[in-house]
Amino acid sequence: MSQEAIETLLAEDRTFPPSEAFTAQANLNDEGIYERAAADPVAFWEEQAKTFEWMEPWSQVLDWQPPFAKWFVGGKLNLTFNCLDRHVNAGLGDKVAFHWEGEPGDTKTLTYSSLLKDVSTFANGLKKLGVGKGDRVTLYMGMVPELVVSMLACARIGAAHSIVFGGFSPDSLKERIKDSESKVVVTCDGSWRRGSPVSLKKNTDAAVAEAPTVEKVIVVPRLGDKIETPMVEGRDHWWDDVIEGCSDECAPEPMDAEDLLFILYTSGTTGKPKGIAHTTGGYMVGAGMTTKWVFDIKPDDVYWCTADIGWVTGHSYITYGPLLNAATSVMFEGAPNYPDEARFWQIVEKYKVTVFYTAPTAIRAFMRWGDEHPKKHDLSSLRLLGSVGEPINPEAWMWYHEVIGGERCPIVDTWWQTETGSIMIAPLPGLTTTKPGSATRALPGIAVDVVDENGESVPKGGGGFLVLRKPWPSMLRTVFGDDQRYRDVYWSKFDNLYFAGDGAKRDEDGYLWLLGRVDDIMLVSGHNISTMEVESACVDHDDVAEAAVVGRTHEIKGQAIAAFVTLKKGVDGSDDKNTEIRKHVSAKLGPICRPDELYFAPELPKTRSGKIMRRLLRDIAEGRELGDTTTLADPTVVDSLRQQYEAKHA
């Protein structure tokens with residue numbers, strides 16, 4: 001974020017207190033909760049854990065051996081029991097858990113009773129194939145009900161799930177399967193993408209061919225005869241064949257609070273994705289309680305998080321958090337502008353959605369498409385709005401407030417990460433006066449700070465590095481199979497402080513303003529993309545000698561990917577070659593990683609010591625005046641890149 005953008009952000013002085021009516025009915029409306037939680041956070045989190053059902057009590061709330069934490073030590077539980085059986089036993093079996101809306105217009109309703117039966121049946125199917133406690137299962141699927149069933153079935157029997165976003169390439173899938181040493185892959189024959197069928201099984205076949213730990217592949221028939229699906233005899237099984245003859249009762253496996261629940265991979269600055277490891281007890285408490293607090297979930301709410309379950313937002317706030325609160329949710333397969341740009345608002349009206357959680361990328365797209373689309377539909381059911389994935393600019397916040405929320409809905413702007421497991425910073429909608437663009441303050445029990453290079457707290461009005469000073473229940477426990485990388489990435493910059501990788505400012509009221517990444521991670525449409533990964537994919541092309549990648553500001557996506565490439569001698573930097581390299585990156589990593597712009601350079605701008613000057617590349621990609629070029633080995637290099645930029649944007 002540029003200094004000018006930061007200054008504009010911090011000049012924001014509009015405030016929006018919660019209405020008296022909202023505060024009166026809110027799940028949390030006692031300001032004293034912050035002070036009580038800060039006075040004894042361990043006791044505070046123990047109090048929250050007691051709201052769930054445990055098979056055996058814990059002997060110790062927190063064992064903290066920095067940087068490693070164990071929560072609810074010795075406690076035994078099963079997360080799916082708390083998500084499903086607990087509510088069915090309380091007489092809520094007929095309550096809708098999910099309204100599923102498929103892209104071509106398919107629909108399905110899953111009650112808590114029917115979901116419990118589906119989960120138990122598939123759990124028995126997994127057992128039949130030899131999956132047991134401690135095994136890993138990779139899920140590579142579209143947004144279909146079987147994805148939720150699969151992840152809960154894994155948790156039911158104590159197998160850890162590793163979900164890979166269905167838009168990722170075979171190479172990305174292969175890398176994650178190999179790192180997790182998954183025994184089984186569950187996929188779909190294909191998925192719908194803007195009305196077109198996309199094969200997932202073929203991608204899975206390509207990945208599994210180089211992943212020797214995989215014994216079985218289970219295939220959900222989403223597209224049927226609309227797509228060709230080759231099956232490998234002995235290895236591949238259709239979903240219906242796996243569950244045939246299986247009982248719809250499966251006793252929940254007793255899990256230690258610290259047993260692995262899932263692995264979810266996120267981009268790393270060294271290129272190789274990091275397998276973020278989350279355990280059962282602490283994650284349950286974090287995801288369950290934050291859903292209740294931040295979204296003010298009530299028994300009659302219809303809640304819709306528009307994320308994909310392939311990302312952590314979908315884990316915590318489509319599946320586990322809402323189910324832990326006996327919520328009724330909408331699950332959507334499709335795009336916000338297919339078949340037209342009013343698609344989301346048509347769904348809000350159809351299901352009478354009350355709580356809506358989406359990304360600033362989507363909100364900025366809605367703004368650009370025009371007010372007429374939401375105005376075609378009745379959005380009066382909405383009572384609370386949420387934002388996730390990246391900092392939201394004040395203009396988008398105000399549009400969301402006025403056009404979607406009708407100036408009556410509190411907005412909860414949330415900051416958290418794959419690594420944190422659940423929301424860390426957000427308004428409490430019954431308590432917090434909000435400011436457009438600010439995530440406001442840390443939730444009760446969360447010790448957030450902004451520090452300088454020496455790890456010292458900055459005063460109000462100051463900026464620096466966002467850190468967490470104390471452990472929290474839903475924190476990652478390690479990087480799967482690599483404790484040293486966990487130490488190096490998250491705990492090495494400051495002694496015993498978790499460094500989130502983000503910059504932040506704290507205003508005079510103590511509110512936090514997130515300023516984006518301070519490392520080599522780009523935030524594209526709310527998703528972390530490593531510059532190193534994209535650079536490696538560029539160089540993987542036979543004609544590329546060297547590449548440098550930076551993020552640039554994008555009015556819709558937050559950041560867009562700009563690649564600067566040096567070709568091998570004798571290769572022509574034509575428009576066709578430009579397209580070819582960008583397609584190559586898409587094939588290697590997935591469409592979300594495809595560079596928006598690619599520039600050819602005879603040589604990349606480097607210092608005399610050989611270091612690539614990414615600062616100058618960011619200036620070029622943003623169309624800014626170039627900073628100091630005196631340290632460049634060849635100052636003329638940037639002239640050709642600047643000319644290419646001007647030609648593209650003429």
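Contact means that heavy atoms lie within 4.5 Å. The model is predicted: local features need pLDDT of at least 70, side-chain atom pairs count only at pLDDT 80 or more, and totals for chains, interfaces and linings use all residues. Residues are numbered from 1 along each chain as its sequence is written, and side-chain values use heavy atoms, with hydrogens and water left out.

**Exercise 1. Describe the surroundings of Asn78.**

Step 1. Locate the residue. Asn78 sits in the loop between β3 (76-77) and α5 (79-92). Helices (H or I, at least four residues) and strands (E, at least two) are DSSP runs, numbered from the N terminus.

Step 2. Classify the exposure. Buried means under 20% relative accessible area, exposed over 50%, and partly exposed in between (1.4 Å probe, protein chains only). Asn78 has a relative accessible area of 1%, so this residue is buried.

Step 3. List the contacts. Beyond the neighbours within four places in sequence, Asn78 touches Met55, Ala155, Arg156, Pro252, Glu253 and Met255.

Step 4. Look at Arg156 again. A polar atom of the Asn78 side chain lies 3.3 Å from the backbone oxygen of Arg156.

**Exercise 2. Is Asp118 buried, partly exposed or exposed?**

Step 1. Asp118 belongs to helix α6 (residues 112-128).

Step 2. Its relative accessibility is 32%, and therefore Asp118 counts as partly exposed.

Step 3. With neighbours within four places in sequence set aside, Asp118 is in contact with Leu110 and Val149.

**Exercise 3. Which residues of helix α8 are buried, and what covers them?**

Step 1. In α8 (residues 170-180), the buried residues are Ser172, Leu173, Lys174, Arg176, Ile177, Asp179 and Ser180.

Step 2. Recall the helix geometry. An α-helix has 3.6 residues a turn, so residues three or four places apart point the same way.

Step 3. The cover over the buried residues of α8 includes the strands β6 (136-140), β8 (184-188) and β14 (260-266), along with the helices α9 (201-208) and α19 (575-589).

Conventions: Polar contact = N/O pair within 3.5 Å; in protein donor to acceptor, adjacent residues only side chain to side chain.
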